[in-house]
Amino acid sequence: LSITTLPIRDEWPAIGEDIYAIGTPLDWKSMRTSVTKGIVSAHRKLMKYEGVRMNFIQGDVETHPGNSGGPLIDEFGNIVGMGVRGLSHTNENGTAVGVGLNLFIPIKEALDTLNIDYSATSAGY
């Protein structure tokens with residue numbers, strides 16, 4: 001297959017910067033390839049997640065189950081992160097409701113952890 005990949009941006013997006021999450025929330029047939037927009041809310045350094053300290057980009061860009069593993073991109077189409085978790089609370093009906101706090105692994109860290117060479121796709125924005 002001839003596949004064109006999106007460029008990788010090594011550095012973290014700035015707090016307040018526009019970001020976009022691409023994914024397939026909730027139902028893969030009716031909601032596939034959804035795009036939502038938000039901003040970077042915070043940089044979470046060494047935050048404890050499932051017993052491990054990790055770095056995260058926090059954004060208010062809306063995500064749902066099914067977005068995990070999807071790319072987080074900047075306004076130029078560069079991948080800056082990978083969706084891993086959307087925080088929620090349970091309402092009075094017992095339904096989990098998103099609260100606009102979503103976590104993304106910085107893409108450089110995800111690829112380095114997986115030992116994936118991405119130098120050919122680095123961004124030149």
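Is Val35 buried or exposed? With 53% relative accessibility, Val35 counts as exposed, where exposed means over 50% relative accessible area, buried means under 20%, and partly exposed lies in between (1.4 Å probe, protein chains only). The views below start at this residue and move on from there.

What you are looking at is a predicted model, in which local features need pLDDT of at least 70, side-chain atom pairs count only at pLDDT 80 or more, and totals for chains, interfaces and linings use all residues. Residues are numbered from 1 along each chain as its sequence is written, and side-chain values use heavy atoms, with hydrogens and water left out.

**View 1. Val35 and its surroundings.** Val35 belongs to strand S2, residues 34–49. Strands (E, at least two residues) and helices (H or I, at least four) are DSSP runs, numbered from the N terminus. Leaving aside residues up to four places away in sequence, Val35 touches Tyr20, Ala21 and Ile22; a contact here means heavy atoms within 4.5 Å. Thr24 is 11 residues from Val35 in sequence, and their C-alpha atoms are 8.8 Å apart in space.

View 2. Strand S2 runs antiparallel to strand S3 (residues 52–59), and 7 bridges join them. For strands to count as paired, DSSP has to find at least two bridges between them. Look for His43, which stands opposite Ile57 in S3. The hairpin has 2 residues between its strands, and Glu50 takes a positive phi near 50°.

**View 3. Strand S4 between its partners.** S4 (residues 71–74) is joined to S5 by 3 bridges, with the two strands antiparallel. Here Ile79 in S5 is the bridge partner of Ile73, and Pro71 stands opposite Met82. The hairpin of S4 and S5 has 4 residues between the strands, and Gly77 in the turn shows a positive phi of about 85°. S4 also pairs with strand S1 (residues 18–23), again antiparallel and over 3 bridges; there, Ala21 sits opposite Leu72. In a regular strand, side chains alternate between the two faces of the sheet.

**View 4. The largest nonpolar core.** This core has 12 residues, including Ile8, Ile73, Ile79 and Leu111. A nonpolar core is a set of buried Ala, Val, Leu, Ile, Met, Phe, Trp, Tyr and Cys residues joined through side-chain atoms within 4.5 Å. Strand S5 (79–90), strand S6 (96–106) and helix H1 (107–113) each give it two or more residues, and H1 supplies the largest share, 3 residues. There is also a second, separate core of 9 residues, with Trp12, Val61, Leu72 and Val80 among them.

**View 5. Rings up close.** The whole structure turns up 1 aromatic pair. The rings of Tyr49 and Phe56 have centres 5.6 Å apart and planes at 85°, so they meet edge-to-face. Rings of Phe, Tyr and Trp (its six-membered ring) pair if their centres lie within 6.5 Å; planes under 30 degrees apart count as stacked, over 60 as edge-to-face and the rest as tilted. Both Tyr49 and Phe56 are buried. Elsewhere, the charged end of Lys45 sits over the ring of Trp12, 4.0 Å from its centre; that label needs NZ of Lys or CZ of Arg within 6 Å of the ring centre and within 35 degrees of the ring normal.
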